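Work through these exercises with the model in view. Try each task before you read its solution.

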Amino acid sequence: KEKLINNAITALLSQEGDIAASNAELESQFQAVRRLVASKAGFLAFTQLPKFRERLGVKVVKALKRNNDGVTHAAIDMLCALMCVSIKF
């Protein structure tokens, strides 16, 4: 299960939020990352996978520059999920 979650997170973060991605697609990517990091394995990936935080940060900055309410909300919601860990280790 952990390997699948890590692979899913890596795949989502490899799409850097280019101009080519639609706002709806980028919003969906943030929602998917939010759900993945809500699990124990997903949060551990946030702390252990190399370059995870850097790529996530770049993706969020690019998303915020789009100035789209839906994308901004999804990005901030995903960041909030990382700050409020409700997982019992």
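## Exercise 1: Aromatic pairs

Task: find how many aromatic pairs the rule gives, and classify each one.

Solution. Step 1: apply the rule. Rings of Phe, Tyr and Trp (its six-membered ring) pair if their centres lie within 6.5 Å; planes under 30 degrees apart count as stacked, over 60 as edge-to-face and the rest as tilted. By this rule there are 2 aromatic pairs.

Step 1: take Phe 43 and Phe 46. Their centres are 5.9 Å apart and their planes make 40°, a tilted pair. The two residues are 3 apart in helix α3, so about one helical turn separates them.

Step 2: take Phe 46 and Phe 52. Here the centres are 5.4 Å apart and the planes stand at 85°, so this pair is edge-to-face.

Step 3: The ring pairs link Phe 43, Phe 46 and Phe 52 into a cluster.

Step 4: look for a charge over a ring. The test asks for NZ of Lys or CZ of Arg within 6 Å of the ring centre and within 35 degrees of the ring normal. The charged end of Arg 53 sits over the ring of Phe 46, 6.0 Å from its centre.

A note on the source: this is a predicted model, in which local features need pLDDT of at least 70 and side-chain atom pairs count only at pLDDT 80 or more, while totals for chains, interfaces and linings use all residues. Residues are numbered from 1 along each chain as its sequence is written, and side-chain values use heavy atoms, with hydrogens and water left out.

## Exercise 2: The layout of the chain

Task: state how many helices and strands the chain has.

Solution. Step 1: count the elements. Helices (H or I, at least four residues) and strands (E, at least two) are DSSP runs, numbered from the N terminus. The chain has 5 helices and 0 strands. From the N terminus on, the order is α-α-α-α-α.

Step 1: check the confidence. pLDDT is the predictor's confidence in each residue, from 0 to 100. The chain has a mean of 85, and 90% of its residues reach 70 or more. Confidence is lowest in α3, at a mean of 85, and highest in α5, at 92.

## Exercise 3: Buried residues of α3

Task: list which residues of helix α3 are buried, and say what covers them.

Solution. Step 1: set the cut-offs. Buried means under 20% relative accessible area, exposed over 50%, partly exposed in between (1.4 Å probe, protein chains only).

Step 1: read along α3, residues 40-48. Ala 41, Gly 42, Phe 43, Ala 45 and Phe 46 are buried. Phe 46 has a relative accessible area of 17%, and Ala 45 has 3%.

Step 2: find the cover. It includes α1 (2-14), α2 (23-37), α4 (52-64) and α5 (69-83).

Step 3: follow Ala 45. Contact means heavy atoms within 4.5 Å. Leaving aside neighbours within four places in sequence, Ala 45 is in contact with Asn 6, Ile 9 and Phe 52.

## Exercise 4: The nonpolar core

Task: name which members of the largest nonpolar core touch the most other members.

Solution. Step 1: define the set. A nonpolar core joins buried Ala, Val, Leu, Ile, Met, Phe, Trp, Tyr and Cys residues through side-chain atoms within 4.5 Å.

Step 1: Of the 22 residues, they are Ile 9, Phe 30, Phe 52, Leu 56, Met 78 and Leu 82. Each of α1, α2, α3, α4 and α5 supplies at least two residues of this core.

Step 2: examine Leu 56. Beyond its neighbours within four places in sequence, Leu 56 is in contact with Leu 13, Val 33, Phe 46, Met 78 and Leu 82.
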